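User: Hi! I would like to go through this structure with you, one question at a time. Could you start with the term we will need for charged pairs?

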Amino acid sequence: MKTVDVNERTLEQEKKYLKQTSAIVRIESVCFTLALMMLMVQEMVSAAPGDGESASVLFWIKLIFLPLQAVAAIIVSNFAIALFKEIETGDTPFRYSIADKLKGLSNAILGGSIIFAAPYLVSYLVNAFTETGEPQTNACAVIMLGGLFLGVLFKALSYIFSYGSKLQQESDETL
């Protein structure tokens, strides 16, 4: 009769859960990107000028930034997918490659937040120097602060994983 170590059985169960979670996150990442793009297009369609109306400044600015926002969403999604694939394939999550992917994800989120907020910032500046008087929202601040918070959070996690990788390397060299 073969004895199975409880720690080994628990580790195998955790690896199984990690693979399932990784697959779910990758699917969610793709769905999120597609939904975000559909929302951006829907917002453009609803803001489009009707018959005899002229397009607002914000409409044209959003139209210019739409492709950049789509690319930013795809880049963030790709970093998330790559991160979870990397976590899934290794024996330990404390590897330099995972820390690097976390750092890349944080940079993509920080850059994406700026790109998503840019139309509102540009529109605000245009309205400040012209007297169009178009209504402004707090969407820019919410997008920027949310993106900055997530970006900094992932940046901190990348440093934690980098430090953990160094400790893992020292532990492996000691044994």
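Analyst: Happy to! A salt bridge here is a side-chain nitrogen of Lys or Arg within 4 Å of a carboxyl oxygen of Asp or Glu. Please keep in mind that the model is predicted.

User: Which residue forms a salt bridge with Arg26?

Analyst: The cut-off for such a pair is 4 Å between nitrogen and oxygen. For Arg26, the closest N and O atoms of the pair are 2.8 Å apart. The partner of Arg26 is Glu88.

User: How many residues apart in sequence are the parts that Arg26 and Glu88 tie together?

Analyst: Arg26 and Glu88 form a salt bridge. Arg26 belongs to helix α1 (residues 6-47) and Glu88 to helix α2, so their pairing ties together parts that are 62 residues apart in sequence.

User: Is Glu88 buried, partly exposed or exposed?

Analyst: Buried residues fall under 20% relative accessible area, and exposed ones over 50%. Glu88 has 22% relative accessibility, so the class is partly exposed.

User: How many salt bridges are there by this rule?

Analyst: Besides Arg26 with Glu88, the side chains of Arg95 and Glu86 meet at 3.1 Å, N to O. By this rule the count is two.

User: Where is Ser77, and what is its relative accessible area?

Analyst: Ser77 sits in helix α2 (residues 57-89). Not counting residues up to four places away in sequence, Ser77 touches Ser29, Val30 and Thr33. Ser77 is buried, and its relative accessible area is 6%.

User: What accessible area do Phe149, Leu150, Leu153, Leu157 and Ile160 have together?

Analyst: One of these residues, Leu157, lies in helix α4 (residues 139-174). Leu157 is partly exposed at 32%, and a patch takes residues with over 30% relative accessible area. Together the five named side chains form a nonpolar patch on the surface, with an accessible area of about 450 Å².

User: In which helix is confidence highest?

Analyst: For the protein, the mean pLDDT is 85, and 90% of its residues reach 70 or more. Confidence is lowest in α1, at a mean of 86. The highest mean, 89, belongs to α4.

Methods:
Residues numbered from 1 in each chain as written. Predicted model: local features only at pLDDT ≥ 70, side-chain atom pairs only at ≥ 80, totals over all residues. Heavy atoms only, no water. Helix = DSSP H or I, 4+ residues; strand = E, 2+ residues; numbered from the N terminus. Buried < 20%, exposed > 50% of the residue type's maximum accessible area, 1.4 Å probe, protein only. Contact = heavy atoms within 4.5 Å. Patch = residues over 30% accessible without salt bridge, like charges linked within 9 Å, V, L, I, M, F, W, Y side chains within 5 Å. Areas by Shrake-Rupley, 256 points an atom, 1.4 Å probe, with all protein chains shown as cover. pLDDT = per-residue confidence, 0-100.
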